[in-house]
Amino acid sequence: MSVLEIKGLTVQVTTDEGQKDILRGVDLTVKAGETHALMGPNGSGKSTLAYAIAGHPKYLITGGTVTLDGQNVLEMSVDERARAGMFLAMQYPVEVPGVSVSNFLRTSITAIRGEAPNLRHWIKELKEAMAGLQIDQQFAERSVNEGFSGGERKRTEILQMEMIAPKIAVLDETDSGLDVDALRVVSEGINRVIAKGETGVLLITHFTRILKYIKPDYVHVFYEGRIVREGGPELADEIEANGYAQFVTA
Amino acid sequence: MSAVTEHEVSLVPPTDHSPVIRSLDPSDFPTPTSRDEEFRFTPMNRLKDLQTGAVVATGAMGIAINKVAGVEFAEKSPKSTARRGFTDKAAAGAWSLIDDVSTLTVKANQSIAETVVVSLVGSNAVSYGQLDINVESFANAVIIVDHIGSATYAGNIDINVADGAHVTVVSMQDWDTGTVHLGHHRITLGRDAYVKHVSVTLGGDVVRILPSVEYTAPGGVAELVGLYFAGTKQHTEHRLFVDHSVPHCRSNVVYKGALDGVDAHTVWVGDVLIRANAIGTDTYEINRNLVLSPGGRADSVPNLEIETGEIVGAGHASTTGRFDDEQLFYLQSRGISEDEARRLVLRGFFEDLLLQIGVPEINDRVRDSIEERLAAAV
């Protein structure tokens with residue numbers, strides 16, 4: 001079973017005022033089959049953690065380690081990380097004009113699996129995955145994220161996750177901007193991946209509402225660039241009841 | 001798209017667009033220099049003196065056309081003097097140096113399903129040409145003018161679209177290296193006439209195309225679409241002039257180009273004039289450039305001059321940038337290598353435009369050409 005281990009991770013970004021520390025020593029272990037919720041107020045550094053793990057060039061790793069099954073993730077290029085089994089569902093997926101969803105996914109799957117999928121299987125696989133997320137089949141031929149609503153973008157992110165079947169999936173505020181119906185559909189997609197037991201999920205969220213649909217095994221509270229509290233699902237109930245203030249003053 | 005500082009994007013204030021000189025006689029024009037506004041971006045020393053309108057022809061372009069019912073073609077028809085004057089010395093020069101005119105006529109009321117392909121083949125000579133495309137009333141056709149081979153060529157295309165006619169004219173500049181091509185493409189639209197003029201410039205050392213649109217009656221619609229790819233030391237220039245002199249006409253301009261290699265230079269100038277009487281005009285123009293490697297230069301100059309406020313809309317946009325880092329990150333985060341991601345983005349950049357051009361015959365050729373040149377550049 002795969003294991004993502006983050007130890008003592010510190011990260012800076014460049015701002016107009018110079019280098020700024022965002023992550024101040026993050027320790028977190030996610031194993032395949034486990035679901036972790038990482039919760040925290042705005043500006044706590046949750047998204048930075050997600051993008052730093054994925055290798056976004058904007059973030060400078062100043063200390064600590066990230067390994068996937070013992071392999072040094074931080075030494076890998078962005079695409080190598082994905083091929084090693086990492087996946088990031090983005091909060092704001094970008095548009096790629098002129099590249100169809102179908103072409104994009106096929107190129108991605110080919111890169112990750114190391115060979116082009118059999119065409120007939122591929123079409124069936126894509127159709128089923130799209131149907132599962134209630135995505136209109138026409139979206140396969142539309143440009144990636146171009147003109148998509150917020151909900152359509154998030155569904156497409158989860159579509160990619162389902163088809164890629166990563167070892168570790170980091171979902172960055174996948175619930176943000178979703179109406180109730182879309183939240184349910186997207187959650188069902190995430191739960192299908194969880195149910196297979198082969199993917200470790202790190203669910204980053206500000207609110208507790210997605211946790212009504214997705215039951216985490218562990219909850220981590222993130223504040224000022226580090227994890228300040230850890231526990232089981234009951235921790236989410238505490239946040240639901242009392243907000244983040246209790247951790248802020250702690 | 002991210003902003004680029006390595007090369008220049010120039011903006012000049014609008015000028016008076018009414019061409020001062022209109023003539024069929026090149027001697028009526030002063031010899032252009034790089035101090036002239038129209039030539040400020042043009043490498044004059046690489047034009048092989050074609051701009052003088054006085055270089056003697058040393059050969060002729062080969063001309064071939066597929067035979068299509070409803071379309072008449074005469075390679076050599078008499079050169080009538082009843083013709084509007086040109087606004088460019090090289091264009092007038094070409095006119096003065098030819099003995100006859102090639103004429104393609106789409107007969108009235110004919111809807112031509114098959115794409116008409118006129119091939120103009122250079123033979124390493126100095127050549128001149130005048131092609132008239134006459135689309136008679138209520139006719140409908142798609143015409144490709146394919147410039148291939150190697151040449152030093154000044155050639156004009158006059159496209160006359162009669163009332164209610166609908167035509168797509170694609171001018172492919174797919175020249176071999178060493179070619180210098182100056183071309184003036186003049187479009188005249190009748191009542192409710194529609195033209196989609198497409199310029200695809202892939203090859204040649206220096207290619208300078210001047211598409212212009214005149215409306216003669218209300219309801220005319222012009223779509224001007226351009227696609228270009230300039231490699232090392234290639235100069236690709238498109239200067240457009242849309243003259244809204246008639247009420248209730250539309251124009252839409254979309255030009256997209258990519259530059260790759262040292263001293264790749266692209267120029268796009270889009271002049272749109274809405275005259276005082278052209279009420280109800282609707283116009284928009286956009287130019288986008290993608291700079292793939294350092295050392296290239298893209299000049300992009302939209303000029304919109306509006307003499308009446310009673311219009312439907314008028315706008316312009318121009319962007320020049322490198323690959324969008326966020327797009328590349330997104331694609332790479334899905335396991336796609338950086339090289340492949342760049343290819344996807346570039347292909348996508350042009351794919352939109354190919355869709356808009358809507359002439360399947362050219363799609364594979366444009367795609368293959370760009371892929372080939374990218375592969376060669378790596």
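1. A pairing of two strands here means that DSSP finds at least two bridges between them, and strands (E, at least two residues) and helices (H or I, at least four) are DSSP runs numbered from the N terminus. With that in hand, chain A has an open sheet of four strands in the order β2-β1-β4-β5, with antiparallel pairing. Its edge strands are β2 (18-31) and β5 (71-72) of chain A, each of which pairs on one side only.

2. A word on the model before going on. It is predicted, so to speak of local features a pLDDT of at least 70 is needed and side-chain atom pairs count only at pLDDT 80 or more, while totals for chains, interfaces and linings use all residues. Residues are numbered from 1 along each chain as its sequence is written, and chains are lettered from A and ligands numbered from 1 in the order in which they are written.

3. A:Leu68 has A:Gln71 of β5(A) as its bridge partner.

4. Chain A as a whole contains eight helices and twelve strands. Its radius of gyration, taken over C-alpha atoms, is 18 Å, close to the 18 Å that the globule rule (2.2 Å times the number of residues to the power 0.38) gives for 250 residues, so chain A is as compact as a globular protein of that length. The C-alpha trace spans about 55 × 40 × 40 Å along its principal axes.

5. Now to the interface, where a contact means C-beta atoms, placed from the backbone, within 7 Å. Chain A puts 20 residues in contact with 22 residues of chain B. On the chain A side, the elements giving two or more residues are α2 (78-84), β7 (96-100) and α3 (101-113).

6. B:Gly335 is worth a look here. This glycine is found in the chain B loop between α2 (325-332) and α3 (338-357). B:Gly335 counts as buried because it has 28 C-beta neighbours inside 10 Å; the cut-off is 20 or more other C-beta atoms within 10 Å, with exposed meaning 12 or fewer and partly exposed in between. Leaving out residues up to four places away in sequence, B:Gly335 touches A:Asp79, A:Ala82, A:Arg83, A:Ser108, A:Ala111 and A:Ile112.

7. Finally, B:Val161. Apart from neighbours within four places in sequence, its contacts include B:Val135, B:Val167, B:Ile187 and B:Leu189.

Note on methods. Two residues are in contact if their C-beta atoms, placed from the backbone, lie within 7 Å.
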